[in-house]
Amino acid sequence: MTKINENYLNLPGSYLFAEISRRVAAYKTAHPEADIIRLGIGDVTKALPPTIIDGLHKAVDEMGSDETFRGYGPEQGYTFLIEKIIQFDYAPLGIQLDTDEVFVSDGSKSDTGNIQEIFSLDTKVAMTDPVYPVYIDTNVMAGRSGLLGKDGRYANIVYIPCHAGNSFVPELPKEKVDLIYLCFPNNPTGTTLKKSELKKWVDYARENKAVILYDAAYEAYIQEDDIPHSIYEVEGAKEVAIEFRTFSKNAGFTGTRCAFTVVPKTVMGYTASGEAYPFNKLWNRRQTTKFNGAPYIVQKGAEAVYTPEGQKQIHEIIAYYMKNAKAIREGVQSIGLEVFGGVNAPYIWLKTPQNMDSWTFFDKLLNEAHIVGTPGVGFGPSGQGYFRLTAFGKAENTLEAVERLKTRLKL
Ligand code: MLT
């Protein structure tokens, strides 16, 4: 008799975005005429910019000739890309990294999901609530979460509520934790932390020998000053933080797949006997065993992001999405709903009318306005009564959605 990994039975029935797709498909079957606008999953809609396409094309041609063909590449990523990442994303912020501290991958979803493998099973995990479901689901799969309670919380996870009442600024946990997931600009709330606020977490981690997993997937959307683009802008963070970045959201790679994770050699864990051991070595071991590197072609496309034309083109696309964000923010405000985010992030987080629960509002929006969004409670119990809209849609669809909010939604 082959036994299953019963931790999986402890998960919600389906992954949040799969559940949304299922509900939308059912609605579409029942109402084939409905012209649905999707502002649910944070998937980009603009084409890859020409400079990146050129980079990809050249690499495709190289693969077609024996002289320039590439087989397995380095599991950690090609040096040509890692050097650009360090030079353009970190050096201008005054952050020094060695090339063996950056690991290129096929996405931040996989990296943020896989990273928990290098931490002991009795690690006390804390995460902000609401949260990107990958962080929590992967800890459930590993058996670290304990059982799901009726309140929607797993027994062994420390939830750090973020809501309008605390301006979405997470407070330090009262109990001691070992591993902390932070994502800023935040998915799903679209809110940010100032450097001074992030410093409290870095200080906490240093004092408690904890590690911060910092997801900076949306850093390219930061518009205001005094908001850190990298956690390593905070003094001491290289001792305690692992940072995740992706080309998905800044350069349109959601379907092309390329990201990277920074694991400084100074971030230490401890053996059972109390000996310090660098997480960098463990992650390298994990990646070399389970991953054969992101495709050469894709990494060449990512390299083109760092050319002057590439930079100009991606910034135009970011500005396009941020214009959508502004339109959604203003539209939601104009119908009298409270709105957060959307200023330094492509997500708009709104308070549902009359404290309606998130899934009820999902159905209402779909029925009355044919708009798909994401129910806040899908990101955790503190998301109840909130709802997320993304700015990653096409401009014309976004404006049409705003118009429908104003004219079709019965409040
Ligand atoms: C989201 O919609 O929260 C994210 O885009 C999903 C993802 O990046 O995996």
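This is a predicted model: local features need pLDDT of at least 70, side-chain atom pairs count only at pLDDT 80 or more; totals for chains, interfaces and linings use all residues.
Biologist: Strand 7 first. Is it buried or exposed?

Modeller: Strand 7 spans residues 241-246 and is mostly covered, with six of its six residues buried.

Biologist: Which residues point which way from that strand?

Modeller: A241, E243 and R245 go one way, while I242, F244 and T246 go the other. Residues on both sides are buried, E243 and R245 included.

Biologist: And strand 6, is that parallel or antiparallel to strand 7?

Modeller: Parallel. Strand 6, residues 211-215, is joined to strand 7 by four bridges. In one of the pairings, L213 has I242 of strand 7 as its bridge partner.

Biologist: What about strand 8, parallel or antiparallel?

Modeller: Strand 8, residues 259-262, pairs with strand 7 in the antiparallel sense, over four bridges.

Biologist: Which residue of strand 8 is the bridge partner of R245?

Modeller: That is F260.

Biologist: Changing topic. What domain does UniProt list for residues 35-405?

Modeller: The UniProt record, an unreviewed entry, gives "Aminotransferase class I/classII large" for that span. In the model, residues 35-405 are 36% helix and 16% strand.

Biologist: How far apart are the end C-alpha atoms of that span?

Modeller: They lie 14 Å apart.

Biologist: Now the ligand. Which residues are around it?

Modeller: I41, G42, K109, Y132 and N187.

Biologist: How many of those are nonpolar, polar or charged?

Modeller: The shell has two nonpolar residues, two polar ones and one charged.

Notes:
Residues are numbered from 1 along each chain as its sequence is written. A residue is buried if 20 or more other C-beta atoms lie within 10 Å of its own, exposed if 12 or fewer, and partly exposed in between; C-beta atoms are placed from the backbone. Helices (H or I, at least four residues) and strands (E, at least two) are DSSP runs, numbered from the N terminus. Two strands pair if DSSP finds at least two bridges between them. UniProt positions are given in the numbering used here, feature names are shortened, and annotations may be inferred rather than shown by experiment. A residue is near a molecule or strand if its C-beta atom, placed from the backbone, lies within 6 Å of it. Ala, Val, Leu, Ile, Met, Phe, Trp, Tyr, Cys and Pro count as nonpolar, Asp, Glu, Lys and Arg as charged, and the others, Gly among them, as polar.
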